[in-house]
Amino acid sequence: MGSGCMKVTKYFLFLFNLLFLILGAVILGFGIWILADKTSFISVLQTSSPSMRTGAYVLVGVGSLTMLMGFLGCLGAVNEIRCLLGLYFTCLLVILITQVAAGLVIYFQQEKLKGELSRIVEKLIEDYDPVNGEDKNLQDAWDYVQKQLTCCGWNGAEEWEKNYILINKSMTEYPCSCSNSSKDAEENTGFCRLDVMVNGTATYADWPVHRQGCVDGVQDWLKDNLGIILGVCTGVAVVELLGMILSISLCKNIHSEDYTKVPKS
């Protein structure tokens, strides 16, 4: 009976660690996607915010470590190596505690993150320059966001009035990615010129652009993606707990079996 339970525990532990290995690969892939992405709002964050880049590297590290733990768990379960199972249990406990701590930090830093996003985008809009090659990827990413979300600026189109190039041109041009005009449908970046010239200096009210800001759309985008991240992390945490329970159970069974094999004096 004990031998049968041990075999069942061993096979379940192997299957859970195989799933653990796959989930680790998902986390690793997500971290690499954040670092490699150049076309969505995530590019704005990881280019402008050191904390976002650090978070991406953390995801890569956690994903790699998770895959390693999955491999060690499979190896320890198949070969019934107690020291390897003990190391596996300890590493899982450390990873689980780290994940909980990271989740709490993110939860309590939401307002700070919103403020950081606002400052990043406002600075980007103010310094936006279509001929500036240094920030082209960042600017293209923000143009993509405005085009896809049909919005303009962070809180509204009026924020583009702070752009020094538009100021020098008396606001007679406007960001093409904000346009709600069909003639600008193919223009995704840079500035477009007003068709109807105004006397003196124009304002954003004269531009054929969307009036609403991108803040709501970006927050919805972040919530959607955060839900995916939390879902993956929750799945990993559940597998971690099951792996810890099964590894301890297998260790005890191995110990009991070894003890019964000791010849009585």
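What is the handedness of the disulfide of Cys176 and Cys192, given the torsion about its S-S bond?

Guide: Keep in mind that this is a predicted model. For the pair you ask about, the torsion about the S-S bond is about 120°, so the disulfide is right-handed. The sulfur atoms of Cys176 and Cys192 sit 2.0 Å apart. Cys176 is in the loop between β1 and β2, while Cys192 is in strand β2, and the two are 16 residues apart. What about burial? Cys176 counts as buried because its relative accessibility is 1%, and Cys192, at 7%, is buried too.

A search of the whole structure turns up three disulfides. As a quick reminder, a disulfide is a covalent bond between the sulfur atoms of two cysteines. Number the bonded cysteines along the chain and the pattern reads 1-6, 2-4, 3-5.

Next, Cys151 and Cys214. Their S to S distance is 1.9 Å. Here the torsion is about 95°, so this disulfide is right-handed. Cys151 comes from the loop between α6 and α7, and Cys214 from the loop between β2 and α8, so the bond ties together parts that are 63 residues apart in sequence. Both Cys151 and Cys214 are buried.

That leaves Cys152 and Cys178, with sulfur atoms 2.2 Å apart. Their link is right-handed, with 90° about the S-S bond. Cys152 lies in the loop between α6 and α7 and Cys178 in the loop between β1 and β2, 26 residues apart. Cys152 and Cys178 are both buried.

Now for what surrounds these cysteines, starting with Gln146. This residue belongs to helix α6, which covers residues 136–149. Leaving out neighbours within four places in sequence, Gln146 is in contact with Cys151, Cys152, Gly153, Trp160, Ser177, Cys178 and Cys214.

In general, an α-helix has 3.6 residues a turn, so residues three or four places apart point the same way. Just after α6, Thr150 adopts a positive phi of about 45°.

Trp160 itself has a relative accessible area of 0%, so it is buried.

In one of them, the ring centres of Trp160 and Phe191 are 6.2 Å apart with the planes at 90°, so the pair is edge-to-face. Trp160 belongs to the loop between α6 and α7 and Phe191 to strand β2, so to speak a link between distant parts of the chain, 31 residues apart. Phe191 counts as buried, with 17% relative accessibility. Ring pairs join Tyr128, Trp160 and Phe191 into a cluster.

Finally, zoom out to the nonpolar packing. The largest nonpolar core has 28 residues, and the members touching the most others are Trp142, Trp154, Trp160, Trp207 and Val209. At least two residues of this core come from each of α5 (110–127), α6, α7 (164–168), β2 (191–193) and α8 (215–260). The largest share, four residues, is supplied by α5. There is also a second, separate core of 21 residues, whose members include Leu92, Ile95, Ala237 and Leu246.

Definitions and conventions. Residues numbered from 1 in each chain as written. Predicted model: local features only at pLDDT ≥ 70, side-chain atom pairs only at ≥ 80, totals over all residues. Heavy atoms only, no water. Contact = heavy atoms within 4.5 Å. Core = buried A, V, L, I, M, F, W, Y, C linked by side-chain atoms within 4.5 Å. Buried < 20%, exposed > 50% of the residue type's maximum accessible area, 1.4 Å probe, protein only. Phe/Tyr/Trp six-rings, centres within 6.5 Å; stacked < 30°, edge-to-face > 60°. Disulfide = S-S within 2.5 Å.
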